[in-house]
Amino acid sequence: MAEFRIALIPGDGIGPEVVGEACLVLDAVGRRHGHSFRYESVLAGGCALDATGEPLPAATLKTCQESDAVLLGAVGGWKWDVLPGNLRPERALLGLRSGLGLYANLRPATLHPALAAACPLRADIAALGIDVVFVRELTGGMYFGERGRRQGKYGLEGYDTEAYGVGEIERIARVGFELARKRRRKLTSVDKANVLESSRVWREVVVRVAAEYPDVALDHMYVDNASMQLIRRPSDFDVCVTTNMFGDILSDEAGQITGSIGMLPSASLGDPGKPGMYEPVHGSAPDIAGQDKANPLATILSTAMMLRLSFGLDEEADAIERAVTAVLSSGARTADIRLAGDAAAPIGTRAMGRLVVQHLA
Ligand code: IPM
Ligand code: MG
């Protein structure tokens, strides 16, 4: 029987509730398929600040580095919003990304047929379907570049630097091409090469890497145009590779056009063999924390990505995704994905998690 060690970071807000349901689903899959998952729960984010004075205690990072994968709920909340930049819960996320070398962030945005009515786009556009994966570079660019404050022409100025190196672009481009190869063989690289030098290098490198993937159709799009095309013709996108900042912004847009940010999973990956980190795209939602209202499906779908990408358990991952689809088809809805006019009353976090367990084939 295979045993997998999972570092759990329930975190803040609704994090503990959604992670709890995801573990129940994992355990049920383990029982059916003969795997066991051993969890070690660690602190990060606001709860870590309260308990230890730092958003990412060294012990947390160490446990994560020594595990097979990391499952994270959410970090942050109003309580800690007033703290200076280096003491914000968000530092924990950035520290985990750099500390675990997680340079590739995969964010699929799909329109579930049962939730098609939640898509805010025109019906004829939604009818073409949405199935795009953002491959966001996660440990470089402006989020990790040189920054500071200095005297400028207009007085004190703050600055952040965008820089991308060839090796950094090559490895993320390869993640994009490899993924496209397993899907519809179409890769869109998003940059701002009409203005930024870092983008011109980005584009040159992506074009060079493309020579290794003649079977994948590559196109390039400026980020402003990409943000427009995403809502004009989302069905044209398959895999989209881009920088840390552009990916941050565009993946939120892609999430919103599927109508339900509460449904979106993500995976953050480093070099093969290193632990990946899996987390829902939604945040800590402090307004509904502890009320059994959060949608656990994004976290549950993140565990499916974990099984597939970190543990190579494709069949088990498919089983989770099929169960989620079946639960949605049955009409079950948490409040965030319920539309005005839906017949049934919304259900809670726990009820939704348990329904997924019941629907596991
Ligand atoms: C995300 C979030 C984070 C980011 C924040 C919370 C640091 O917006 O994961 O997209 O900017 O990367
Ligand atoms: Mg973001």
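**Notebook: helix packing and domains**

Entry 1. I began with helix α11 (residues 314–329) and helix α12 (residues 349–359), which pack at an angle of about 115° with their axes 8 Å apart. I note at the outset that the model is predicted. I looked up the hand of the crossing of α11 and α12 and found a right-handed one. From α11, the contact uses Ala-323, Val-324, Ala-326 and Val-327; from α12, Met-352, Leu-355, Val-356 and His-359 take part. I sorted the residues of this contact of α11 with α12 and recorded 7 nonpolar, 1 polar and no charged.

Entry 2. I turned next to α12 and α1, whose axes come within 9 Å and cross at roughly 15°. The crossing in which α1 passes α12 is right-handed. On the α1 side I listed Glu-17, Val-18, Glu-21, Leu-24, Val-25, Ala-28 and Arg-32; these meet Thr-349, Arg-350, Gly-353, Arg-354, Val-356 and Val-357 in α12. The residues of the contact of α1 with α12 divide into 6 nonpolar, 2 polar and 5 charged.

Entry 3. I then examined helix α1 (residues 15–33) against helix α10 (residues 297–309), and noted a packing angle of about 45° and a distance of 8 Å between the axes. At that angle, α1 is therefore oblique to α10. Here too I looked up the hand: α1 passes α10 in a right-handed crossing. The residues of α1 that I found in this contact are Val-18, Val-19, Ala-22, Val-25, Leu-26 and Val-29, and they meet Thr-299, Ile-300, Thr-303 and Leu-307 in α10. For the contact of α1 with α10 I counted 8 nonpolar residues, 2 polar and no charged. I also noted that Val-18 and Val-25 of α1 are listed both in the contact with α10 and in the contact with α12.

Entry 4. Finally I looked up the division of the chain: domain 1 is made of 1–106 + 286–361, and domain 2 is 120–257. Their centres, taken over C-alpha atoms, are separated by 26 Å. Domain 1 gives 9 residues to the contact and domain 2 gives 14 residues. I asked myself how much area is buried between domain 1 and domain 2.

Notes:
Residues are numbered from 1 along each chain as its sequence is written. Chains are lettered from A and ligands numbered from 1 in the order in which they are written. This is a predicted model: local features need pLDDT of at least 70, side-chain atom pairs count only at pLDDT 80 or more; totals for chains, interfaces and linings use all residues. Side-chain values use heavy atoms; hydrogens and water are left out. Axes are lines fitted to C-alpha atoms, for helices over the stretch in contact, and angles run from 0 to 180 degrees between N-to-C directions. Helices (H or I, at least four residues) and strands (E, at least two) are DSSP runs, numbered from the N terminus. Angles under 35 degrees count as roughly parallel, over 145 as roughly antiparallel, 65 to 115 as roughly perpendicular and the rest as oblique. A crossing is left-handed if the near helix is turned anticlockwise from the far one by less than a right angle, and right-handed if clockwise. Contact means heavy atoms within 4.5 Å. Ala, Val, Leu, Ile, Met, Phe, Trp, Tyr, Cys and Pro count as nonpolar, Asp, Glu, Lys and Arg as charged, and the others, Gly among them, as polar. Domain bounds come from an automatic or database domain assignment. Buried area is the accessible area (1.4 Å probe) that two parts lose on being put together, summed over both.
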